[in-house]
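Biologist: I'd like to learn how to read a model like this one, feature by feature. Can we go through it together?

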Amino acid sequence: MLHLEQLSKTYKTGETALHDVTLDVPKGQILGLIGPSGAGKSTLIRCINRLVEPSSGKVLLGDVDLAKLGKADLRRQRRRIGMIFQEYALVERLTVMENVLSGRLGYVPFWRSFLRKYPPADIQRAYALLDRVGLIDHADKRADALSGGQRQRVGIARALAQDPELLLVDEPTASLDPKTSRQIMRLLTEICTERGLPAIVNIHDVPLAQQFMQRIVGLRAGRVVFDGAPDALTEAALTQIYGEEDWNAMRAGDAEQAAAEADARDRIAALAK
Ligand SMILES: Nc1ncnc2c1ncn2[C@@H]1O[C@H](COP(=O)(O)OP(=O)(O)O)[C@@H](O)[C@H]1O
Ligand SMILES: [Mg+2]
């Protein structure tokens, strides 16, 4: 389904965040990407949909190399990939329903998005998705009236509204309490399983990754240093990924925040067009 080949990224600052990452994600697999802050997890998933431009390597989604596409083709191919962020990237002043429908923007002609007129089939589907994520009674609430867990449910429904073939999920529970984190992770993995939808989930919470992921890939300093089943993640493997440092003390980089904000700006701009 997804095949990364020798994917590398060196930022303008000279920092190499990914070194020759080669990885296959088969259809239906839920893969947890773990590693210390700065390991390159966000860079890796952003290189897949080219929110970050890879420096070299291939990103094959089916038989299309996303790394090679021009702008118009890239825009079309990006619809195949749903993205879920730590900070949800909802449009605060819009309703839950409108946020979910904004997942359809790539499919709706400009004049319709200008009038915020979506086809009835899209609206019906959005209701079905809101029902699936447990928010049917909140459809008309403004996004800023929701709790963190509810906001992430909207984020999930919005990503699904675009009918993706692959989900990229960046620290979906990093802003949530432990109980809500488990609920969100359960919902996300159940939905992926129901739909046979493959997902790459960046997650710094190792027990959560072990509980919900089918496969774990460990990144350290831009290189894959572990790839195996959750129960193969021994103390020794964890030390290899995280080193001897106190990895709980490490903070998430600000790349997440920047990408979530850029995504929100794009959506607002698209709605204002
Ligand atoms: N926009 C950027 N410009 C320069 N360096 C960056 C940028 N984004 C991330 N980096 C660097 O790339 C490395 C990997 O970062 P990131 O992918 O955010 O890691 P993670 O998500 O695992 O915390 C870090 O050293 C980080 O400082
Ligand atoms: Mg990150």
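Biologist: Let's start with a helix: which residues of α6 are buried?

Modeller: Keep in mind as we go that this is a predicted model. In α6, the buried ones are Gly149, Arg151, Gln152, Arg153, Val154, Gly155, Ile156, Ala157, Arg158, Ala159, Leu160 and Ala161. That is twelve of the 14 residues, so α6 is largely enclosed by the rest of the structure.

Biologist: How should I read burial along a helix in general?

Modeller: An α-helix makes a turn every 3.6 residues, so residues three or four places apart point the same way. Now look at α7, where the buried residues are Thr180, Ser181, Ile184, Met185, Leu187, Leu188, Thr189, Ile191 and Cys192.

Biologist: What happens at the start of α7, and what comes just after it?

Modeller: At the start, a side-chain oxygen of Asp177 comes to within 3.1 Å of the backbone nitrogen of Lys179. Just after the helix, Gly196 takes a positive phi of about 65 degrees. As for length, α7 covers residues 178–195, and its 18 residues should span 26 Å; the end C-alpha atoms are 26 Å apart, so expectation and model agree.

Biologist: Which residues touch the most other members of the largest nonpolar core?

Modeller: The general idea is that in soluble globular proteins nonpolar side chains tend to be buried together. Here the largest core has 50 residues, and Ile34, Ile156, Leu167 and Leu233 touch the most other members. There is also a second, separate core of 29 residues, with Ile48, Leu66, Leu69 and Met83 among them.

Biologist: Take Leu167, then. What is Leu167 in contact with, leaving aside its neighbours within four places in sequence?

Modeller: Its partners are Gly82, Ile84, Ala159, Leu188, Cys192, Leu197, Pro198, Ala199 and Ile200.

Biologist: Where is Ser102, and what does the side chain of Ser102 reach?

Modeller: Ser102 is another loop residue, between α3 (96–101) and α4 (110–114). Ser102 is buried, with a relative accessible area of 2%. The side chain of Ser102 reaches the backbone oxygen of Asn99 at 2.6 Å.

Biologist: How do I read a positive phi?

Modeller: Most residues other than glycine have a negative phi. Gln6 is not a glycine but has a positive phi of about 45 degrees. Gln6 belongs to strand β1 (residues 2–10) and is partly exposed, with a relative accessible area of 47%. Ala221 also has a positive phi, near 45 degrees, and is found in the loop between β9 (215–220) and β10 (223–228).

Biologist: Now the ligand. Which residues come nearest to ligand 1?

Modeller: Of the 14 residues around ligand 1, Glu15, Gly38, Lys41, Ser42 and Thr43 come nearest. For Gly38, a backbone N or O atom lies 2.7 Å from an oxygen atom of ligand 1, and for Gly40 the corresponding distance is 3.0 Å. Thr43 uses a polar side-chain atom, 2.5 Å from an oxygen atom of the ligand. Taken alone, ligand 1 exposes 550 Å², and the protein buries 72% of that.

Biologist: Which element gives the most to the shell around ligand 1?

Modeller: That is α1, with three residues.

Methods
Residues are numbered from 1 along each chain as its sequence is written. Chains are lettered from A and ligands numbered from 1 in the order in which they are written. This is a predicted model: local features need pLDDT of at least 70, side-chain atom pairs count only at pLDDT 80 or more; totals for chains, interfaces and linings use all residues. Side-chain values use heavy atoms; hydrogens and water are left out. Buried means under 20% relative accessible area, exposed over 50%, partly exposed in between (1.4 Å probe, protein chains only). Helices (H or I, at least four residues) and strands (E, at least two) are DSSP runs, numbered from the N terminus. A nonpolar core is a set of buried Ala, Val, Leu, Ile, Met, Phe, Trp, Tyr and Cys residues joined through side-chain atoms within 4.5 Å. Contact means heavy atoms within 4.5 Å. A residue is near a molecule or strand if one of its heavy atoms lies within 4 Å of it. A polar contact is a pair of N or O atoms within 3.5 Å; within protein, one must be able to donate a hydrogen and the other to accept it, and residues adjacent in sequence count only if both atoms are side-chain atoms. Accessible areas come from the Shrake-Rupley method with a 1.4 Å probe; for residues, only the protein chains shown count as cover. The expected span of a helix is 1.5 Å times one less than its number of residues.
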